[in-house]
Every structure is written in structure tokens, then in C-alpha cells.
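Open the model in the viewer and keep the selection panel at hand. The stops below go from the whole chain to single side-chain pairs.

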Amino acid sequence: MNRRRADTVAGALVAAVLIVGGVLTWQAYQQQQAFEQMGSMMGTSMGAVHGTNPLLYVLGTLLVSAVVGGGYLVVRDELTSTEVADRSQTEMANPTDSESIESQEEAVQSEGKINPESQPQARVLDLLPDDERRILEPVLSSPGITQIELRDRSNFSKSKVSQTVSALEKRGLLYRERQGRTYRIYPSDDLEQKQAN
């Protein structure tokens with residue numbers, strides 16, 4: 001399990017315990033106040049009738065939170081160490097690949113998203129709907145691809161390819177040049193420059 005995800009789950013669990021404990025404490029406090037008001041109106045002590053002391057809920061909440069949080073901290077390294085071991089074995093098998101994977105992961109994990117500075121094309125593709133992504137990816141990998149080749153690669157109809165290319169062209173992500181009876185499609189200059197960097 002990913003360490004960040006495990007931390008999030010444990011934090012959410014502790015927060016849930018604190019919220020539930022807070023609600024129960026507040027209800028017990030209000031019940032105790034109601035009994036005291038009732039007792040003062042009747043002129044007798046309602047001490048024998050009152051419910052659970054709110055202080056017990058506070059102590060119970062803190063105890064459960066400490067057990068959950070402390071228990072997680074004890075097993076945290078064991079939960080996340082299997083991921084580290086697997087990763088180190090993969091790095092040993094492919095040391096050159098691991099460096100490129102790490103740089104890509106750093107870009108992806110910097111904010112939980114793809115870093116637009118290091119991978120602008122991936123970021124653009126990530127934001128597009130599936131049909132537009134299926135058109136733009138081959139254009140980025142093979143600039144100058146014909147619209148017919150694009151239709152074959154995407155498995156879209158001729159009209160769907162034409163419609164999607166027009167939509168992407170209007171957004172400035174690609175442009176096309178007429179060549180005979182078809183078009184050659186190129187990524188926009190912005191995307192191409194960012195790819196070169």
C-alpha cells in the first residue's frame with residue numbers, strides 16, 4: 001500500500017473517531033444539563049438519574065484515537081515496506097529504466113497530478129476526452145500523419161476523425177495541411193516546442 005494513501009486512511013479513521021466522540025460527548029453534556037435543569041425546577045437533586053458523564057466520552061475518545069493512531073504508527077513501516085522492497089527489486093533488474101520511471105513519478109506525484117512543466121503533452125492528453133486523446137496521441141508520436149492513417153489507428157469512422165480533428169484544430173492543439181485528397185496533421189507549434197524541451 002502506498003504510504004501516502006495509508007497515512008490518509010489512518011488520519012481519516014482517527015478524525016472519524018474524534019468526530020463521533022465529540023458528538024457523543026456533546027449529547028451527554030446536553031443530557032446532563034437537561035437533568036440538572038429538571039432537578040432545579042423540582043427542587044431535588046437528579047444526581048442519581050443523570051446519564052453517562054461527558055468526561056467519560058472525552059477520555060474514551062482520546063483513548064480510542066490514541067490506540068488507532070499508535071497502532072497505525074507501529075505497523076506503518078511494515079505496511080509500506082513491501083512496496084519499497086518491490087520497488088528496489090525492480091530497480092535492481094532495470095537500473096536505467098528506474099531512473100526514468102522515478103523522474104516521471106516525481107512529475108506525477110508532485111501535486112498528485114502530472115507536472116505540466118516536465119510533461120506538457122502528457123498533461124494535455126490527460127485533460128482531453130478519450131476520443132480526442134485517441135486522435136492527438138498518434139499525431140504527437142508521428143507528426144505529419146495522414147488523416148487516413150489516423151482513421152486506421154484510432155478505429156474511428158472517417159467523419160468522426162474529421163470532426164475530432166476539426167475540434168482539436170479549433171483549440172489550437174494541431175493543424176492540418178492539404179496533400180492531394182487527404183490532410184497531413186501536425187501538432188501545434190506550442191506542443192511541438194514543449195516536446196523538444
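Helices (H or I, at least four residues) and strands (E, at least two) are DSSP runs, numbered from the N terminus. The model is predicted: local features need pLDDT of at least 70 and side-chain atom pairs count only at pLDDT 80 or more, while totals for chains, interfaces and linings use all residues. Residues are numbered from 1 along each chain as its sequence is written, and side-chain values use heavy atoms, with hydrogens and water left out.

**Whole chain.** Colour by secondary structure. The protein has eight helices and three strands, in the order α-α-α-α-α-β-α-α-β-β-α from the N terminus. Of its 197 residues, 26% are buried; buried means under 20% relative accessible area, exposed over 50%, and partly exposed in between (1.4 Å probe, protein chains only).

**Nonpolar patch.** Select Leu 18, Leu 55, Leu 56, Val 58, Leu 59 and Leu 62, which make a nonpolar surface patch of about 550 Å². Patches are made of residues with over 30% relative accessible area and no salt bridge; like charges are joined within 9 Å, and nonpolar side chains (Val, Leu, Ile, Met, Phe, Trp, Tyr) within 5 Å. Areas come from the Shrake-Rupley method with a 1.4 Å probe, and for residues only the protein chains shown count as cover. Helix 2 (residues 54–93) gives the most to the patch, with five residues. Leu 18 sits in helix 1 (residues 3–42) and is partly exposed at 39% relative accessible area.

**Helix 6.** Select residues 147–154; the buried residues here are Gln 147, Leu 150 and Ser 154. They lie on the same side of helix 6, because they cover an arc of only 55 degrees around the axis; the arc is that of the directions from the helix axis to the C-beta atoms. An α-helix has 3.6 residues a turn, so residues three or four places apart point the same way. The buried residues of helix 6 pack against helix 5 (130–141), strand 1 (145–146), helix 7 (158–170), strand 2 (174–179) and strand 3 (182–187), where contact means heavy atoms within 4.5 Å. Glu 149, also in helix 6, is partly exposed at 40% relative accessibility. After helix 6 comes Asn 155, with a positive phi near 60 degrees.

**Helix 7.** Move on to the buried residues Val 161, Thr 164, Val 165 and Leu 168. Their arc around the axis is only 100 degrees, which puts them on the same side of helix 7. They pack against helix 5, helix 6, strand 2 and strand 3. The face turned away from this buried side carries the exposed residues Ser 159, Gln 163 and Lys 170. Just after helix 7, Gly 172 has a positive phi of about 80 degrees.

**Salt bridges.** Now show side chains. A salt bridge is a side-chain nitrogen of Lys or Arg within 4 Å of a carboxyl oxygen of Asp or Glu, and the count comes to four. One of them joins Lys 160 and Asp 131, with the closest N and O atoms 2.9 Å apart. Lys 160 is in helix 7 and Asp 131 in helix 5, so the pair ties together parts that are 29 residues apart in sequence. Next, pick Glu 132 and Arg 171, a salt bridge at 2.8 Å, N to O. Glu 132 is in helix 5 and Arg 171 in the loop between helix 7 and strand 2, 39 residues apart. Which of these two is buried and which partly exposed? Glu 132 is buried at 8% relative accessibility, whereas Arg 171 is partly exposed at 49%.
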